[in-house]
Amino acid sequence: MSDMLKTESDLYNDTQSYAHLITERHAMVKPHTHHPYQLGASLYMPATRQDIWQVIKRDKLPTINSIIICLEDAVSQQDVELALERLRTLLDTWAEHVNSINAPSKSATIHAQHPTRPLVFIRPRSPMMLQQLADYTHIDLIDGFVMPKVDMYSLSNWRMACQNLKVDQLLMPTLETAALFNPHHNQELAIAFKEAFSQPVFALRIGGNDLFAALRLRRPKNSIVYDSPIGTLAYQMLGCFVPHGFYLTAPVFEYLDQPTLFMQELNRDVSLGMVGKTVIHPSQIALVQQAYCVPLSTLDEAQAILHSEAKAVFKYNNTMLEPATHRAWATEIVNRAEAFGTIDDGHSQYSSRM
């Protein structure tokens with residue numbers, strides 16, 4: 001009798017919140033074929049452009065990490081039908097060459113450093129358009145979809161629109177409405193994201209310019225975004241969504257004549273764990289990839305932390321390392337190094353590489 005009571009007592013002895021259980025379920029459905037760091041520099045391309053296929057097969061912009069074919073803000077209302085027609089043509093062309101898309105089309109040197117094609121996403125204008133796209137022939141060739149202006153008020157519509165997509169296509173909701181300034185709303189949204197979709201939420205995109213617009217502001221030209229009100233909001237989003245298992249991407253930087261400021265912002269993006277940066281011009285691609293390269297000494301510390309025989313606490317590179325608390329950071333450093341490579345900063349001590 002006492003054993004039975006003890007068993008029943010154990011059943012009701014779970015002190016973890018229900019959100020933790022949802023987190024575990026979410027982790028089970030997360031994809032393992034791609035890591036969000038593979039987003040890297042994400043280039044928006046209006047769907048009206050006729051050179052998207054050349055970019056996909058790496059005849060143009062051979063080092064780009066990911067592209068987002070835009071049917072929303074980058075396409076005017078009168079060009080929507082043209083954009084959809086060119087998207088259908090692109091899908092047909094891709095289907096004709098699907099067996100050769102992975103064959104190198106450039107030198108082996110390029111493909112030794114980059115996947116054979118970029119990740120390809122589509123950004124529809126609305127949930128209704130996404131539902132329409134789901135019926136397109138060969139739409140399953142697309143890696144995933146960027147969903148604009150997602151919040152608790154639009155989530156049900158986006159959920160309905162995704163029901164006919166393949167379960168392995170990746171979703172990237174964009175956080176860019178006035179509702180995101182409410183921390184309570186964001187906590188509800190973080191939990192709702194885990195239950196809303198059958199497809200994996202690959203990353204959450206911070207829509208910087210729309211968030212500035214919600215404050216009747218424009219991004220300042222003489223400072224990085226993190227020194228603005230949207231930077232404060234970005235910190236809040238990190239504290240809200242990342243502990244629930246999500247990755248965030250950094251907002252766009254539109255001033256092409258400010259490369260030094262762009263690098264300063266990129267360094268902050270990287271230090272905050274943002275997994276990619278939206279770019280609006282090819283000249284920004286190399287700077288993003290340079291910023292995300294991992295210094296060898298940092299990779300060495302990560303490998304030392306992840307070593308199976310690592311002590312509980314130990315000194316390395318004049319730093320005290322503690323695997324119990326540094327393991328999650330170390331894992332992401334290794335993931336970043338696999339996506340972007342390393343740079344020799346002259347402070348490496350570790351003798352073995354992964």
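**View 1. Helices α11 and α12 cross in this predicted model.** Helix α11 spans residues 259–271, and helix α12 spans residues 285–292. Their axes come within 9 Å. The crossing angle is roughly 40°. The crossing of the two helices is right-handed.

**View 2. Residues at the contact of α11 and α12.** Helix α11 contributes P259, F262, M263, L266, N267, D269 and V270. From α12 come L287, V288, Q290, A291 and Y292.

**View 3. The largest nonpolar core, with F193, F197 and F241.** This core holds 94 residues. Within it, F193, F197 and F241 touch the most other members.

**View 4. Surroundings of F197.** Leaving aside residues up to four places away in sequence, F197 touches M147, L155, W158, R159, C162 and L171. Another core lies apart from the largest one. That other core has twelve residues, including A302, A304, V334 and A337.

**View 5. Confidence along the protein chain.** The average pLDDT is 88. A score of at least 70 is reached by 85% of the residues. Over residues 103–112, the pLDDT is below 50. In the model, this stretch has eleven contacts beyond near neighbours in sequence. Residues 350–354 also have a pLDDT below 50. For residues 350–354, the model shows twelve contacts beyond near neighbours in sequence.

Technical notes:
Residues are numbered from 1 along each chain as its sequence is written. This is a predicted model: local features need pLDDT of at least 70, side-chain atom pairs count only at pLDDT 80 or more; totals for chains, interfaces and linings use all residues. Side-chain values use heavy atoms; hydrogens and water are left out. A nonpolar core is a set of buried Ala, Val, Leu, Ile, Met, Phe, Trp, Tyr and Cys residues joined through side-chain atoms within 4.5 Å. Buried means under 20% relative accessible area, exposed over 50%, partly exposed in between (1.4 Å probe, protein chains only). Contact means heavy atoms within 4.5 Å. pLDDT is the predictor's confidence in each residue, from 0 to 100. Axes are lines fitted to C-alpha atoms, for helices over the stretch in contact, and angles run from 0 to 180 degrees between N-to-C directions. Helices (H or I, at least four residues) and strands (E, at least two) are DSSP runs, numbered from the N terminus. A crossing is left-handed if the near helix is turned anticlockwise from the far one by less than a right angle, and right-handed if clockwise.
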